[in-house]
Amino acid sequence: FDLLKTQKELPKTSQPSPEEYLKYFNEAREKNEEVLVITLSSGLSGTINAAELAKKICGYEKICILDSEQAVTTQRYMVESAVKKAAEIAEYLKELRGKLTVCGMLDTLTYLKMGGRVPAALAFLGNTLHIKPVIELRDKKLVMLGKARGRKSAMQYLWHEFETRGFDERHPVYF
């Protein structure tokens with residue numbers, strides 16, 4: 001500010017170049033991360049144009065560019081609010097994941113045999129007798145809920161699980 005008082009010309013500022021954005025966009029692509037860019041108001045700066053050009057050059061779809069239509073402190077507030085919301089979303093998803101269940105029926109034991117999960121003889125016998133393991137993702141791992149003989153019996157087993165557990169009508173059920 002002291003220099004402003006003594007200089008005959010105002011100092012010049014420069015917006016970030018597309019190359020500057022590109023460096024970060026390529027890094028995000030390598031890490032498979034999502035990017036949110038909140039630029040200075042397009043009425044004050046061309047930063048949004050540089051960011052959009054870099055996105056186009058990068059060819060990475062997980063980049064969202066938003067014209068803040070703001071400047072300085074209000075733009076900063078938008079960024080801080082976005083970070084706060086991200087933390088809130090993460091907490092919500094942690095709570096939600098505890099309410100979700102994945103259950104299914106394996107139509108064949110062949111792939112369990114190929115993956116070393118069951119011996120070849122057991123896979124052969126199970127496939128011959130049409131044994132269908134009914135599984136659930138529990139505590140980050142697949143566990144067997146039970147087994148049924150034949151596809152129809154396995155589906156009935158799954159329906160029984162669905163009916164006895166109940167579900168939250170605010171969330172979808174996928175089959």
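A residue is termed buried when its relative accessible area is under 20%, exposed when that area is over 50%, and partly exposed in between, with a 1.4 Å probe and protein chains only. The structure is a predicted model, in which local features need a pLDDT of at least 70 and side-chain atom pairs count only at pLDDT 80 or more, whereas totals for chains, interfaces and linings use all residues. Residues are numbered from 1 along each chain as its sequence is written, and side-chain values use heavy atoms, with hydrogens and water left out.

The predictor's confidence in each residue, expressed as pLDDT on a scale from 0 to 100, averages 92 over the chain, and 100% of the residues score at least 70. Among the elements, confidence is lowest in helix α1 (residues 2-6), with a mean of 81, and highest in helix α2 (residues 18-31), where the mean is 98.

Secondary structure was assigned from DSSP runs, numbered from the N terminus, with helices taken as H or I runs of at least four residues and strands as E runs of at least two. On this basis the chain holds seven helices and five strands, which follow one another from the N terminus in the order α-α-β-α-β-α-β-α-α-β-β-α. The radius of gyration of the chain is 28 Å, well over the 16 Å given by the globule rule for 175 residues, so the chain is more spread out than a compact globule; the radius is taken over C-alpha atoms, and the rule is 2.2 Å times the number of residues to the power 0.38. Along the principal axes, the C-alpha atoms fill a box of roughly 90 × 35 × 25 Å.

Of the 175 residues, 24% count as buried. With contact defined as heavy atoms within 4.5 Å, residues 24 or more positions apart account for 55% of the contacts in the chain that have a separation of 6 or more.

Two residue pairs, each separated by 35 residues in sequence, illustrate the spatial arrangement. A54, in helix α3 (residues 47-58), is buried, with a relative accessible area of 0%, and its C-alpha atom lies 6.8 Å from that of E19. Leaving aside neighbours within four places in sequence, A54 is in contact with P18, Y21, L22 and F25. L125, in helix α6 (residues 120-128), is partly exposed at a relative accessible area of 48%, and the C-alpha atoms of L125 and A90 are 45 Å apart.

K132, which lies in strand β4 (residues 131-138), is buried, with a relative accessible area of 8%. Apart from residues up to four places away in sequence, K132 touches M105, L106, D107, G146, K147, A148, G150, R151 and A154.

Most residues other than glycine have a negative phi. N32 is placed in the loop between α2 and β1 (35-39) and is exposed, with a relative accessible area of 51%, while E69 lies in the loop between β2 (63-67) and α4 (72-97) and counts as exposed at 59% relative accessibility.
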